[in-house]
Amino acid sequence: AAACACAQALFGHCYGNGLKARGRRRRMGLRRLLLRYYPPGIILEYVQGGEAMTRSIDLLNLRPDTDAIALVEEIQKGEPLITASCKEYVIHLVRRLQEKLEEKDDHKFYLFKVLRAHILPLTNVAFNKSGSRFITGSYDRTCKVWDTTSGEELHMLEGHGNVVYTIAFNNPYGDKIATGSFDKTCKLWSTETGKCYHTFRGHNAEIVCLSFNLQSTLVATGSMDTTAKIWDIEKGEEIVTLSGHSAEIIALSFNTTGDRIITCSFDHTGAVWDVGTGRMLHTLVGHRGEISSAQFNWDCSLIVTASMDKTCMLWNATTGTHITTLTGHSNEILDVCFDYAGQLIATASADGSARVYNAETKECIAKLEGHGGEISKVCFNPRGNRILTASSDKTARLWDVATGQCLQILEGHTDEIFSCAFNYKGDIIITGSKDNTCRIWH
């Protein structure tokens, strides 16, 4: 279902008799096809046994010169829902995706708005999928919801008894917000009304990280009490506690299918857990320093971890085995991420540089050099051809992934920038700084 919210709906012409007959026979009928631009794919909405279902055809290796007809014929061999009556339309969708890949991207960003969000220091900023809303967390114990276009404060989410440290929208939907606090609780809120749905209690120390699953059924919290907890969004109940780390958990992340979660700890290890049972499946041992960040790639085959030991490690997500160590930085690595397709890795370091690695060849393909201070945050735009970095030198920079060239310096903040993000289309940027302002760039 999450994939559908990520997609632009396109109603197909796949309603030929052949499909209906086959649908009755298999009790499976295609309702519609949806296009997903990032990463490239086609979502199938279908009915099976009277129940609405979705599944995706990921086209992560699609290129502008890929033979669309041959590709669709290959898809048909493994996908019974793509019948002869659909073929032409699916070819059309693939070509739409190819056109998107070929679009020129010479967007220059300009400062649109400066917002002084809170009196006390900011802790975090986050966009919803479209970038129409963003949220800010603060030491003032509140989270605020903002309209990006008008700069108007829509809601102040009050109720925490201490610093609101970690915040997130349940993207791609964006109708809920989670806030994690030093008061040891996590709260779930309505984006629309600002009403608090649930307060999740159970941690014995500060909550410092949280994440929704892509399906928006669960939220996970990580705490200084060495545990993570997974909570049911609808029922407002704890599902499971993930116990096994010997030190604080400082980062966590679900995979795209929502059946696995990774936690990172000050104990120098990462852990992969089964979301349904809470069982620890793998311990990722090898780093010689605290793990600062970790992520699954899109197809859930790889995990990347970043560490204070100046390295990143790539792991097989299924077996938990170490694949390779990505070296080159001369200081702590503070952030790491995959691009949407899971084929590139970007790292941000206290040495003032960022690097781009090819996940398949493990080669460093670009060094992003120019910042005058440590880089604490790095992210790809959805297309994967641009990287945004946030630095203690008071600037954010936009880079060309292919060449490593700095395309633009986003200047104006008067203190360290600790947070930056793109919206889903990649045409809006938000930066959050210790100067207590957020800047919106169009």
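# A guided look at this predicted model

In helix α3, which spans residues 68–78, the residues Ala68, Val72 and Ile75 are buried. Viewed down the axis of α3, its buried residues fall within an arc of 55°, so they line one face of the helix. Keep in mind as you explore that this is a predicted model.

**Around helix α3**

- What covers the buried residues of α3? The cover includes β4 (51–58) and α4 (87–102).
- Look also at the start of α3, where a side-chain oxygen of Asp67 comes to within 3.1 Å of the backbone nitrogen of Ile69.

**The second largest pocket**

- The second largest pocket holds about 830 Å³ of space.
- Its lining is made up of 37 residues, and the closest to the pocket's centre are Leu60, Arg63, Asp339, Ala341 and Gln343.
- Helix α4 supplies the largest share of this pocket's lining, with three residues.

- You will find His203 in the loop between β13 (196–200) and β14 (207–212).
- Is His203 buried or exposed? Its relative accessibility is 6%, and because buried means under 20%, His203 counts as buried.
- The side chain of His203 forms a polar contact of 2.8 Å with the side chain of Thr221, and another, of 3.0 Å, with the side chain of Asp225.
- Setting aside neighbours within four places in sequence, His203 is in contact with Lys184, Thr221, Ser223, Asp225, Thr227, Ala228, Lys229 and Trp231.

**Two cis peptide bonds**

- Tyr38 and Pro39 are joined by a cis peptide bond, with omega at about -15°. Pro39 sits in the loop between β2 (28–36) and β3 (41–48).
- Asn171 and Pro172 are also joined by a cis peptide bond, and here omega is about 10°. Pro172 belongs to the loop between β10 (164–169) and β11 (176–181).

- Ser216 is a residue other than glycine, yet its phi is positive, near 60°. Ser216 lies in the loop between β14 and β15 (218–223), and with a relative accessible area of 13% it is buried.
- Lys310 is not a glycine either, and it has a positive phi of about 80°. Its place is the loop between β23 (302–307) and β24 (312–316).

**Ala354 in strand β28**

- Ala354 is part of strand β28, which covers residues 354–358.
- With a relative accessibility of 0%, Ala354 counts as buried.
- Which residues does Ala354 touch, not counting those up to four places away in sequence? They are His329, Thr347, Ala366, Lys367, Leu368, Ile375 and Thr389.

Notes
Residues are numbered from 1 along each chain as its sequence is written. This is a predicted model: local features need pLDDT of at least 70, side-chain atom pairs count only at pLDDT 80 or more; totals for chains, interfaces and linings use all residues. Side-chain values use heavy atoms; hydrogens and water are left out. Buried means under 20% relative accessible area, exposed over 50%, partly exposed in between (1.4 Å probe, protein chains only). Helices (H or I, at least four residues) and strands (E, at least two) are DSSP runs, numbered from the N terminus. The arc is that of the directions from the helix axis to the C-beta atoms. Contact means heavy atoms within 4.5 Å. A polar contact is a pair of N or O atoms within 3.5 Å; within protein, one must be able to donate a hydrogen and the other to accept it, and residues adjacent in sequence count only if both atoms are side-chain atoms. On a 1 Å grid over the protein atoms alone, a cavity is a set of points where a 1.4 Å probe fits but cannot get out, and a pocket is an open set with protein on both sides within 12 Å along at least five of seven lines; lining residues have an atom within 4 Å of a point. Grid points are joined across faces, edges and corners, and a volume is the space filled by probe spheres set on the points.
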